Amino acid sequence: MLGNLTLAAIPYDNPIVMGAVAFTLIGGAVVVGGITWLGKWGYLWSEWLTSVDHKRIGAMYIILALIALLRGFSDAIMMRAQQALAEGAAHGYLPPYHYDQVFTAHGTIMIFFMAMPFLVGLMNIAVPLQIGARDVAFPFLNSVSLWLTAVSFGLVMLSLGVGDFSHAGWTGYPPLSELRFSPGPGVDYWIWAIQLSGLGTLMTGINFVVTIIRMRAPGMTLMRMPVFTWSALCTSALIVLAFPVLTVTLAMLTLDRYLGTHFFTAAGGGDLMMYVNMFWVWGHPEVYILVLPAFGVFSEVVATFSSKRLFGYTAMIYATVSITLLSFIVWMHHFFTMGASATVNSAFSIATMVIGVPTGVKLFTWLFTMYRGRLRFTTPMLWTVGFIVTFTIGGMSGVVLAMPPADFVLHNSEWLIAHFHNMLIPGALFGYFAGYSYWFPKVFGFQLNETWGKRAFWSWLVGFYVAFIPLYVLGLMGMPRRMWHYNNPSWQPWLIVAGFGAVLVLIGILCQLIQLAVSIRDHAKTRDLSGDLWDGRTLEWSIASPPPVYNFARIPVVYDRDAFIDMKQTGTAYVRPDEYFDIHMPRNTGVGFIMGMCTFVFGFAMIWHIWWMAIVGALAIGSCIIARAWDDDVDYYIPAAEVARTEAARFRALASAADAERAVADNFRMRPLPELVD
């Protein structure tokens, strides 16, 4: 009846796991209790869970990413503590099988459920606003993508207390991930969580390619698009081209485990190296899927807070497109040690070094933009400057690994761990934090607390160096990665320092939580009445904060790549239209949320081989698709009179701000605006 699921699947005898389960359940109970006490379930359902508004979907993606960050970082703290304590006769506090689950879960969560939702959230928030659109091309598909990602993370969290998670590493290499060596549900949790979230990500990529290509405002040619929109377009193209490879690879591994095929089973005539090649054909473009949106954020932040046009805009676009293309021809540097010929290794070594050239172009572009600019070191700008310095160090360590002889020595060492994190933490996560701080006022209408934001930045930056520079040293000292226990006492001091660095990063995360709480408490004092808090250069800053559901009362016409700066300079930024028109918008629907829940049931059933439940889940998903296909009530019109009232309130807010003329003219370097009249 319940397949392989028994009470023995719950790890009652593991106090660490059960403590984590209890903590998660208590946290969930507090959230549910708070929503119930405030009486917000109706509001939550009607305005958020069923929303197809790209801004709210983006905010929910980022909330998911921040929750995943807390879970993924807790795994990191556990690993650092284990390695700091596990020298010689002391074996630390984690048993080997639990440590294997922890490092697998850490990599999986941080890549698929922290970084991916964070970047997709920022794309959802900014891209339609930057191109002058009212929503994405397929709003319902956007909702389905969100809930597929959310329930996939739910499967990972469920594995904490029902069964276990994969022991095979976040890459899932056979034979460790084959049924013979991993007979439990752990690898199945890993497969279905990644497969379902990958499907949601693929739909997101298609959605944004169509949105950017087909829904730009009049006059916004490709070479007038903001750099973040360009990075989103290239990222989406990478998703569309790369994620099907991951889908097929995981499907083949699933067939090996469920039906006894032998795609990757050497004893059955399969090829282990085929899995490795296919995984990294997806995996290296995935690195740039993660970092390109962050590069786009840095471009927006540098131009805004240097009060200058971005230097070398055209070079930046060509560099972004070059990285997109080159990312598909460097995958084999991930396994130089696997026995390919010297000729093949040399070709991939050269390609790996070449891809550093457009990245260097980007770095110099940002530096030249800052040169002689009127710099404002706000929190987003600090994350950007911290990235430039730290990412450069990571890039140089990557050039070392691009040389096959050096890679043969360092590939399986802590050096690789340091390099990988040195690229993705500043190259991706710092960019996401910069974008989070930069666009938060636009989404919610009030500013994040700068004091706590800067405390968080410095804790993260210092903590990063303290946590990962020792790993470079350990790599040169010969320490292999993924070690649960070791017998070399000279390694332990460096691991203790690295553990202290992780604690500093933890302080940074706590500062971010405090920043959010303080900002919500003081939101009335930091409201963004102008909609243009930072003296922005792109179209999202031309509308109210938070934006109305329709974004733009009238679709703007673009004459320059810094569209909003051009409007401010020509005096058309705040001119009220003579008339408004009805606006066509998609209607909220709960079908996406329900499909997500049905998908969760299907995934759980497949993991535990509960075939009747899997059939019920699949039929429920199909029913949702049919119901949506037959539903004609999927849109509505906002009357022109309602649009006019909303826009009038916006102009009153501008005019009623304390000393509105100073706030707009002096702070935003504009002439007085006589058009701010009802």
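Student: Which residue's side chain meets that of E47 in a salt bridge?
Tutor: Side chains of opposite charge can pair when their charged atoms come close. A salt bridge here needs a side-chain nitrogen of Lys or Arg within 4 Å of a carboxyl oxygen of Asp or Glu. This is a predicted model, where local features need pLDDT of at least 70 and side-chain atom pairs 80 or more, while totals for chains, interfaces and linings use all residues. At 3.1 Å from N to O, the partner of E47 is R56.

Student: Are E47 and R56 buried or exposed, or in between?
Tutor: Buried means under 20% relative accessible area and exposed means over 50%, with partly exposed in between (1.4 Å probe, protein chains only). E47 has 32% relative accessibility, and R56 has 23%. Residues are numbered from 1 along each chain as its sequence is written, and side-chain values use heavy atoms, with hydrogens and water left out. Both values fall in the middle class, so E47 and R56 are partly exposed.

Student: How many salt bridges does the structure hold?
Tutor: The E47 and R56 pair is a salt bridge, and R309, R537, D560 and D562 are linked in a network of them. For the structure, the number of salt bridges is 12.

Student: How many residues apart in sequence are the parts that D535 and K568 tie together?
Tutor: D535 and K568 form a salt bridge, with their closest N and O atoms 2.7 Å apart. D535 lies in the loop between α16 (492-521) and α17 (563-570), whereas K568 is in helix α17, so the pair ties together parts separated in sequence by 33 residues.

Student: What is phi of D535?
Tutor: Most residues other than glycine have a negative phi, and most peptide bonds are trans. D535 has a positive phi although it is a residue other than glycine, and the value is near 60°.

Student: What is omega of the cis peptide bond that joins S545 and P546?
Tutor: P546 is in the loop between α16 and α17. Another cis bond joins P174 and P175, with omega of about 5°, and P175 sits in the loop between α5 and α6 (186-214). For S545 and P546, omega is about -10°.

Student: How far apart are the end C-alpha atoms of α19?
Tutor: Helix α19 covers residues 611-630, which makes 20 residues. The expected span is 1.5 Å times one less than the number of residues, so α19 should span 28 Å. The model agrees, with its end C-alpha atoms at a distance of 29 Å.

Student: How wide an arc do the buried residues of α19 cover?
Tutor: In α19, M613, A614, G617, I621, C624 and R628 are buried. They lie on the same side of the helix, because the arc they cover around the axis is only 105°. That arc is taken over the directions from the helix axis to the C-beta atoms. The face turned away carries the exposed residues I615, L619, I626, A629 and W630, whereas the buried side's arc is 105°.

Student: Which helices are among those covering the buried residues of α19?
Tutor: Contact means heavy atoms within 4.5 Å. By that rule, the cover includes α5 (139-158) and α18 (591-608).

Student: Where does V52 lie, and which residues does it touch beyond four places in sequence?
Tutor: V52 is buried, at 3% relative accessibility. V52 lies in the loop between α2 (41-49) and α3 (54-85). Not counting residues up to four places away, V52 touches I57, D135, P139, F140, S143, P586, R587, N588 and T589.

How values were computed. Helix = DSSP H or I, 4+ residues; strand = E, 2+ residues; numbered from the N terminus.
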